[in-house]
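Subject: Structure handover and notes

Dear colleague,

I am passing on to you the structure that we spoke about, and my notes follow below it. Please read them with the structure open beside you.

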Amino acid sequence: MTVESPVALVTGASRGIGRSIAEAFAASGYRVALNYAQSEASAAEVVAGICSRGGDARAFRADVSSAADVTTLFGEVLTWTGQRLDVLVNNAGLTRDGLLARLSEEAWDTVLDTNLKGAFLCSKAAARPMLRQRSGCILNISSIVGLDGQLGQASYAASKAGLVGLTAALAKELASRNIRVNAVAPGFIDSDMTQALDEPLRRAMLERIPLSRFGEPSEVADLCVFLAARAPYVTGQVIRVDGGLHL
Amino acid sequence: MAETETLSGTELFERIRAIVVEKLGVNADVVTPEASFQEDLGADSLDTVELVMAVEEAFDLQIPDEAAEGLTTVASVLAYVEAQTKA
């Protein structure tokens, strides 16, 4: 690990898919800034794991739905990296599920603020160093729910569909400066979020997945590293990682 | 006093001109106070964003988005930086 190593910032990286993405970038030689909102102990554990394997990582607390927090986050991260940022992964996300008739305004706002506004705020902050570098890669972690919808997940689906639009708009806007923007849309991945689903729903989903299993977080993470490091001609894409669920 | 202000105004213009020349890749002689970045100097909209970023860094300023939108000519940048650095 040297000061010339590329830098990745992953939001919501203390658990689940975000954690796996942070670990995958670290394993590929990136210095990794992990953002977390609340799970300080988990974030510290991820950092310790990366460092014990010879990587370089640091954890930064911030609520990505807060513009003030995001400003502080990028100030701290860029100071740590010497103003360099090669990859931003907008992964931070949460769910507040409920049928439309029972979906509260507060739940809607919480989901949209974190999942969509958070990605906007972080992309805006990341664009500055990336414009200066004339290179960069932004990855938005969307969801198949944003493409296909899901009963009881109107707010989550809207936020993840919003990320698809954000991806396309920013891909066009930033392409002339060699900044690529892509989205990854995971299907059913084994994580805290899917483990919270009830057993009948899990079984029903499994029956519909052609590959007959849930995905691993690392299978999403590996695609992220590929898009960042090995796909210089790919921008504005949304790539499903869903075991064929869409077929 | 008046002379000092005139001098620093000229210095300021020269520094801003140098930034514009570097960012937009134009000759210094076309960077006049009246010149519009997009209409006269061939900048696209992202160029103007980058120009504002460069001005912020050069003068250690934070230019709010609303103010940045109004910075479309060399003179407007000059006036803005002058007002901010005097304050």
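A:Asn178 is partly exposed, because 15 other C-beta atoms lie within 10 Å of its own (a residue is buried with 20 or more other C-beta atoms within 10 Å, exposed with 12 or fewer, and partly exposed in between, the C-beta atoms being placed from the backbone). Please keep in mind that this is a predicted model, in which local features need pLDDT of at least 70 and side-chain atom pairs count only at pLDDT 80 or more, while totals for chains, interfaces and linings use all residues. Residues are numbered from 1 along each chain as its sequence is written, and chains are lettered from A and ligands numbered from 1 in the order in which they are written.

Although A:Asn178 is not a glycine, it has a positive phi of about 60 degrees, and its place is in the loop between H6 and strand E6 (179-186) of chain A; helices (H or I, at least four residues) and strands (E, at least two) are DSSP runs, numbered from the N terminus. In chain B, phi of B:Asp60 is near 55 degrees, again a positive value in a residue other than glycine. B:Asp60 lies in the loop between helix H2 (45-59) and helix H3 (65-69) of chain B, and it is exposed, with 8 other C-beta atoms within 10 Å.

**Helix pairs in chain A**

Two packed helices are described by the angle between their axes and the distance between the axes. The axes of H4 (residues 105-133) and H6 (residues 154-174) of chain A come within 9 Å and cross at roughly 15 degrees, where axes are lines fitted to C-alpha atoms, for helices over the stretch in contact, and angles run from 0 to 180 degrees between N-to-C directions. H4(A) and H6(A) are therefore roughly parallel to each other (angles under 35 degrees count as roughly parallel, over 145 as roughly antiparallel, 65 to 115 as roughly perpendicular and the rest as oblique). By class, their contact has 14 nonpolar, five polar and one charged residues; Ala, Val, Leu, Ile, Met, Phe, Trp, Tyr, Cys and Pro count as nonpolar, Asp, Glu, Lys and Arg as charged, and the others, Gly among them, as polar.

For H1 (residues 16-27) and H9 (residues 217-229) of chain A, the axes come within 8 Å and cross at roughly 50 degrees, so H1(A) and H9(A) are oblique to each other. The contact of H1(A) with H9(A) has nine nonpolar, three polar and two charged residues.

**Chain B**

The secondary structure of chain B comes to four helices and zero strands, and along the sequence the pattern reads α-α-α-α. The C-alpha trace of chain B spans about 40 × 30 × 20 Å along its principal axes, and buried residues make up 20% of its 87 residues.

With 14 C-beta neighbours inside 10 Å, B:Leu46 counts as partly exposed. Leaving aside residues up to four places away in sequence, B:Leu46 touches A:Ser176 and A:Arg177, contact here requiring that the C-beta atoms of two residues, placed from the backbone, lie within 7 Å.

With kind regards
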